[in-house]
Amino acid sequence: MEVTKGSFFYLLLLLLSALSAAFAEDAFIGVNIGTELSDMPNPTQVVALLKAQQIRHVRLFDADRAMLLALANTGIRVTVSVPNDQLLGIGQSNASAANWVSRNIIAHVPATNITAIAVGSEVLTTLPNAAPILVSAMQFIHSALVASNLDRQIKVSTPHSSSIILDSFPPSQAFFNKSLDPVMVPLLKFLQSTGSHLMLNVYPYYDYMQSNGVIALDYALFRPLPPNKEAVDRNTLLHYTNVFDAVVDAAYFSMSYLNFTNIPIVVTESGWPSKGDSSEPDATLDNANTYNSNLIKHILNNTGTPKHPGVPISTYIYELYNEDLRPGTVSEKNWGLFNANGVPVYILHLTDSGTVLANDTTNQTYCVAKQGADKKLLQAALDWACGPGKVDCNPLMQDSPCYSPDTVAAHASYAFDAYYHKMSMVDGSCDFNGVATITTLDPSHGSCVFPGSGGRNSSLVNGTSLAPSTNSTVSGCHSQHFQSSVAYISSIVASVIICGAVLL
């Protein structure tokens with residue numbers, strides 16, 4: 001059959017459309033949930049936090065039964081993992097893989113919305129002895145999904161460290177470590193044939209730390225750069241304004257080098273530590289806030305990368321909680337968005353970030369009486385708030401909307417929240433001598449609408465507190481006890497702590 005010029009371009013258009021379809025997913029932000037905490041919240045409490053924060057995508061580092069049961073009927077999309085210590089058995093036995101899928105996947109779907117299985121984690125760089133059986137493990141897992149008719153719903157992949165990419169800048173010259181080709185080529189063939197993503201862990205923090213000053217901090221943090229400070233790929237003339245995009249494009253080019261051009265990428269880990277030791281001066285609250293805030297906006301805007309503009313790069317933030325039991329440097333313990341008690345480590349700057357996140361997370365926090373606080377201290381703080389604090393406490397009067405329940409704690413919570421929002425939620429305005437704490441759960445009830453609510457009461461989840469540690473005595477903010485409004489305001493100025501909420 002003769003192919004006319006018009007039909008040729010039509011066929012080319014169809015081909016391009018087919019390639020685009022491989023990347024056609026809306027970008028999302030998810031979170032990793034690590035469990036190396038001395039006071040790890042139970043699964044029900046973790047899910048309460050996820051729901052209150054509107055987090056719709058999570059990645060687990062295992063397939064914990066209790067966690068998967070708690071996630072049931074929430075609609076939250078879950079990536080479960082085969083831990084590295086189980087990889088050898090699964091990679092050498094189809095029966096072992098089928099048994100793993102039966103116990104950890106089939107037993108939970110469809111109630112739990114499992115959408116992906118991560119087989120191992122950074123196996124090629126952290127467990128090289130298992131590299132020869134990595135693809136077999138993925139194939140065996142996938143075969144078990146096919147047998148259960150779950151292969152379209154649940155994709156199989158494996159997260160890689162970005163260190164498998166050599167000569168990552170300029171991205172157009174990047175390539176995977178050639179010694180890994182015997183694994184990478186069949187692995188990419190598997191991803192291509194099953195419609196799965198390449199999972200990649202991208203940490204500009206480490207790229208910045210290891211660059212010996214070559215990489216500018218602003219370039220790592222997504223901060224705006226003047227044109228003359230942008231990095232330019234001399235081969236493609238593409239301009240790069242941040243490390244994240246450069247690493248992702250280096251992965252795209254590395255796959256192209258092996259003749260794979262239609263495999264989308266999902267970033268399974270990215271973040272910035274909020275605290276470090278003396279050798280890590282840039283692991284700070286401000287930098288962590290800046291990186292994660294800018295990352296979230298970048299992803300949700302579907303900006304894509306210079307090589308693939310507009311192609312979404314869904315990303316999981318590392319991580320939900322600070323993990324105080326993790327070994328290593330101080331920074332290793334401080335990648336979380338939240339502390340174990342559900343209090344945010346810092347307030348993300350997410351104004352105008354889109355519909356997935358609140359437009360301004362600072363409007364989503366409330367100040368309430370701390371559970372178990374001394375009643376005498378609560379009464380004193382309540383008296384101060386309704387007196388020198390100049391809070392309108394009329395709603396607490398008998399026959400008024402917030403009179404019931406008639407307890408010191410309930411009345412104090414209303415007064416604390418009123419003061420907190422009257423003071424525009426500035427640091428230190430939710431302490432009251434340590435008997436108040438920040439929460440992201442709207443404490444409004446019935447006809448009693450708290451000052452910070454604006455009528456919202458949708459974040460209450462089965463009455464589960466967002467400060468899940470029953471023995472926790474940590475307040476969201478810290479300031480000195482007030483004796484007068486002047487002294488209290490002075491203590492606010494002196495307070496140096498971030499309090500607030502993160503809404504994902």
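## Overall make-up

Of the contacts in the protein between residues at least 6 apart in sequence, 71% join residues at least 24 apart; a contact means heavy atoms within 4.5 Å. The model is predicted: local features need pLDDT of at least 70, side-chain atom pairs count only at pLDDT 80 or more, and totals for chains, interfaces and linings use all residues. Residues are numbered from 1 along each chain as its sequence is written, and side-chain values use heavy atoms, with hydrogens and water left out.

The secondary structure comes to 15 helices and 15 strands. Helices (H or I, at least four residues) and strands (E, at least two) are DSSP runs, numbered from the N terminus. Of the 504 residues in the protein, 52% are buried. Buried means under 20% relative accessible area, exposed over 50%, and partly exposed in between, with a 1.4 Å probe and protein chains only.

The mean pLDDT is 82, and 82% of the residues reach 70 or more; pLDDT is the predictor's confidence in each residue, from 0 to 100. Over residues 1–23 the pLDDT stays under 50, and the model has 11 contacts beyond four places in sequence for them. Residues 352–363 also have pLDDT below 50, and this stretch has 31 contacts in the model beyond near neighbours in sequence.

## The nine-stranded sheet

Nine strands form an open sheet with parallel pairing, in the order β5-β4-β3-β2-β1-β13-β12-β9-β6. Its edge strands are β5 (155–157) and β6 (159–161), each of which pairs on one side only. On average, neighbouring strands of this sheet are turned by 25 degrees against each other, direction ignored. Axes are lines fitted to C-alpha atoms, for helices over the stretch in contact, and angles run from 0 to 180 degrees between N-to-C directions.

Strands of a sheet pair through backbone hydrogen bonds, either parallel or antiparallel. Two strands are counted as paired if DSSP finds at least two bridges between them. The table gives several of the pairs in this sheet.

| Strand pair | Sense | Bridges | Residues opposite each other |
|---|---|---|---|
| β1 and β13 | parallel | three | V31 and I317 |
| β1 and β2 | parallel | three | V31 and V58 |
| β2 and β3 | parallel | three | H57 and R77 |
| β4 and β5 | parallel | three | I117 and V156 |

Is β1 enclosed or open? Five of the five residues of β1 are buried, so the strand is largely enclosed by the rest of the structure. In a regular strand the side chains alternate between the two faces of the sheet. Both faces of β1 are covered, with I29, V31 and I33 buried on one side and G30 and N32 buried on the other. β4 is mostly covered, with six of its seven residues buried.

Helix α12 (residues 285–300) lies across β1 (29–33), β12 (265–270) and β13 (315–317), and runs at about 160 degrees to β13.

In helix α5 (residues 94–106), the buried residues are A97, W100, V101, N104 and I105. Seen down the axis of α5, these fall within an arc of 100 degrees, so they line one face of the helix; the arc is that of the directions from the helix axis to the C-beta atoms. An α-helix has 3.6 residues a turn, so residues three or four places apart point the same way. The buried residues of α5 pack against α3, β3, α4 (87–91), β4 and α7.

## Two buried loop residues

T74 is found in the loop between α3 (65–70) and β3 (77–82). T74 is buried, with a relative accessible area of 13%. Its side chain reaches the backbone oxygen of L71 at 2.6 Å. Not counting residues up to four places away in sequence, T74 touches V47, K51 and R56.

S162 is found in the loop between β6 and β7 (165–166). Its relative accessible area is 18%, so S162 is buried. Leaving out residues up to four places away in sequence, S162 touches L200, N201 and V247.

Conventions. Polar contact = N/O pair within 3.5 Å; in protein donor to acceptor, adjacent residues only side chain to side chain.
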